[in-house]
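This report covers one structure. It starts with aromatic contacts, then turns to surface charge and to selected residues.

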Amino acid sequence: MRKFKIPRGQNSTNKAIRFPDDVIEEVEKAICGTNCNFSQFIIEATRFALESMKEEEENS
């Protein structure tokens with residue numbers, strides 16, 4: 001499995017999604033002092049999760 005990396009900007013489409021306050025706080029702490037915004041972090045985290053699921057499926 002690859003290592004999670006905080007991403008940089010890219011083209012995107014707007015989607016509305018709600019997050020629990022505690023998740024927002026943890027993400028904000030994780031990206032503090034980086035050149036990454038909340039959306040970029042969530043996109044990379046989602047990609048990471050999808051890749052992990054695919055790898056698990058392939059190994060089953």
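## The aromatic pair

A search of the whole structure, which is a predicted model, turns up one aromatic pair. The partners are Phe 19 and Phe 38. Their ring centres lie 5.2 Å apart. Their planes meet at 85 degrees, so the pair is edge-to-face; planes over 60 degrees apart fall in that class.

Phe 19 sits in the segment before helix H1 (21-31). Phe 38 belongs to helix H2 (residues 38-59). The pair therefore ties together parts that are 19 residues apart in sequence. How exposed is Phe 19? Its relative accessibility is 25%, and Phe 19 counts as partly exposed. That class lies between the cut-offs of under 20% for buried and over 50% for exposed.

## A negative patch

Which residues form the negative surface patch? Asp 21, Asp 22, Glu 25 and Glu 26 do. One of them, Glu 25, is placed in helix H1.

Val 27 is part of helix H1. Is Val 27 buried or exposed? Its relative accessible area is 6%, so Val 27 is buried, the cut-off being under 20%. Val 27 and Arg 47 are 20 residues apart in sequence. In space, C-alpha to C-alpha, Val 27 and Arg 47 are 16 Å apart.

Lys 29 is also found in helix H1. Here the relative accessible area is 67%, so Lys 29 is exposed; the cut-off for that class is over 50%. Along the chain, Lys 29 and Thr 46 are 17 residues apart. Their C-alpha atoms are separated by 18 Å.

Phe 41 lies in helix H2. With a relative accessible area of 12%, Phe 41 is buried. What separates Phe 41 from Val 27 in sequence and in space? The two are 14 residues apart in sequence and 7.6 Å apart, C-alpha to C-alpha. Val 27 belongs to helix H1, so this distance runs between a residue of helix H2 and one of helix H1.

Ile 42 is in helix H2 as well. Its relative accessible area is 18%, which means Ile 42 is buried. The threshold is under 20%. Ile 42 and Ala 16 are 26 residues apart along the chain. A distance of 13 Å separates the C-alpha atoms of Ile 42 and Ala 16.

Terms used:
Residues numbered from 1 in each chain as written. Predicted model: local features only at pLDDT ≥ 70, side-chain atom pairs only at ≥ 80, totals over all residues. Heavy atoms only, no water. Phe/Tyr/Trp six-rings, centres within 6.5 Å; stacked < 30°, edge-to-face > 60°. Helix = DSSP H or I, 4+ residues; strand = E, 2+ residues; numbered from the N terminus. Buried < 20%, exposed > 50% of the residue type's maximum accessible area, 1.4 Å probe, protein only. Patch = residues over 30% accessible without salt bridge, like charges linked within 9 Å, V, L, I, M, F, W, Y side chains within 5 Å. Areas by Shrake-Rupley, 256 points an atom, 1.4 Å probe, with all protein chains shown as cover. Salt bridge = Lys/Arg side-chain N within 4 Å of Asp/Glu carboxyl O. Lys, Arg positive; Asp, Glu negative; His and termini not counted. Charge placed at Lys NZ, Arg CZ, Asp CG, Glu CD.
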